[in-house]
Amino acid sequence: MKLKTFPLFKPYLTFVLDNRFRGLFDKVESHLKFMGVKPGMRVLEVGCATGFVTSYLSNLVSGDGFVVSIDVQEKMIKKAKRKRGFLKNTDFRTESATDIKSVKDEEIDLVLLYFSFHEISGKEDAVREFYRVLKPKGILSIREPREEVLKKNRNAYWEYIEKHGFKPAFEAENCDAISCCLKFIKD
Ligand SMILES: C[S@@+](CC[C@H](N)C(=O)[O-])C[C@H]1O[C@@H](n2cnc3c(N)ncnc32)[C@H](O)[C@@H]1O
């Protein structure tokens, strides 16, 4: 089954995602912990926009870890660098999930997508890239709006990712009122 692709989030609307009230309804830190983020990890964040989630990631992987945050829209990365370029263990790059040239094979412990998978055009290529950059037994974690994942596409998501050589993690799914996190391991 083909998964739907949504339009790219507009850079002029990023104030909706990147503001101090978001934390009231989006418990980013606890979601990231479920998604597998741990100190010392090398994380690839796909679809970082202006880096709201990146700040949490940078903090959670701490000094020994590293975060590579990519977005296909250059305007997003420019804004991210302006707002969060000070994060020492983080590198913002303009790059598409479908062709992640700057990341070598098996360099990454965790590939993380926070509300971005549904926007990726060319999901087959993207999942292939996630498999390539992950170390053996590396984690792929996807958080998506619940409406999209559960009501319409729940099984399709699982089948789609498993087809590319991933298997569900031990604690594979965690949903709240607005979203679901799906977690896979590179087999
Ligand atoms: C809804 S925003 C989510 C931003 C961020 N993760 C957050 O939660 O604040 C989705 C982002 O995914 C990015 N995106 C879409 N397709 C992409 C692709 N092929 N490669 C990298 N980023 C992509 C968009 O440009 C957009 O900034």
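**The nonpolar core and its surroundings**

Val-43, Val-111 and Leu-140 touch the most other members of the largest nonpolar core, which comprises 47 residues. Such a core is a set of buried Ala, Val, Leu, Ile, Met, Phe, Trp, Tyr and Cys residues joined through C-beta atoms within 7 Å. A residue is buried if 20 or more other C-beta atoms lie within 10 Å of its own, exposed if 12 or fewer, and partly exposed in between, with C-beta atoms placed from the backbone. Strand S4 (residues 108-114) gives the most to this core, namely 6 residues. The model is a predicted one, in which local features need pLDDT of at least 70 and side-chain atom pairs count only at pLDDT 80 or more, whereas totals for chains, interfaces and linings use all residues. Residues are numbered from 1 along each chain as its sequence is written.

Leaving aside residues up to four places away in sequence, Val-111 touches Leu-44, Val-46, Phe-130, Val-133, Leu-134 and Leu-140; contact requires C-beta atoms, placed from the backbone, within 7 Å.

Leu-134 is also among the residues that Lys-186 touches, together with Tyr-131, Pro-136, Lys-137, Gly-138, Gly-165 and Phe-166, again not counting residues up to four places away in sequence. Lys-186 is found in strand S7 (residues 179-186). This lysine counts as buried because 21 other C-beta atoms lie within 10 Å. Lys-186 and Tyr-131 are 55 residues apart along the chain, yet their C-alpha atoms are separated by 6.7 Å.

The chain as a whole has 6 helices and 7 strands, in the sequence order α-α-β-α-β-α-β-β-α-β-α-β-β. These are DSSP runs numbered from the N terminus: helices are H or I of at least four residues, strands E of at least two. Of the 187 residues, 38% count as buried. Among contacts with a separation of 6 or more, 71% join residues 24 or more positions apart. The C-alpha trace spans about 40 × 30 × 30 Å along its principal axes.

Methods:
Two residues are in contact if their C-beta atoms, placed from the backbone, lie within 7 Å.
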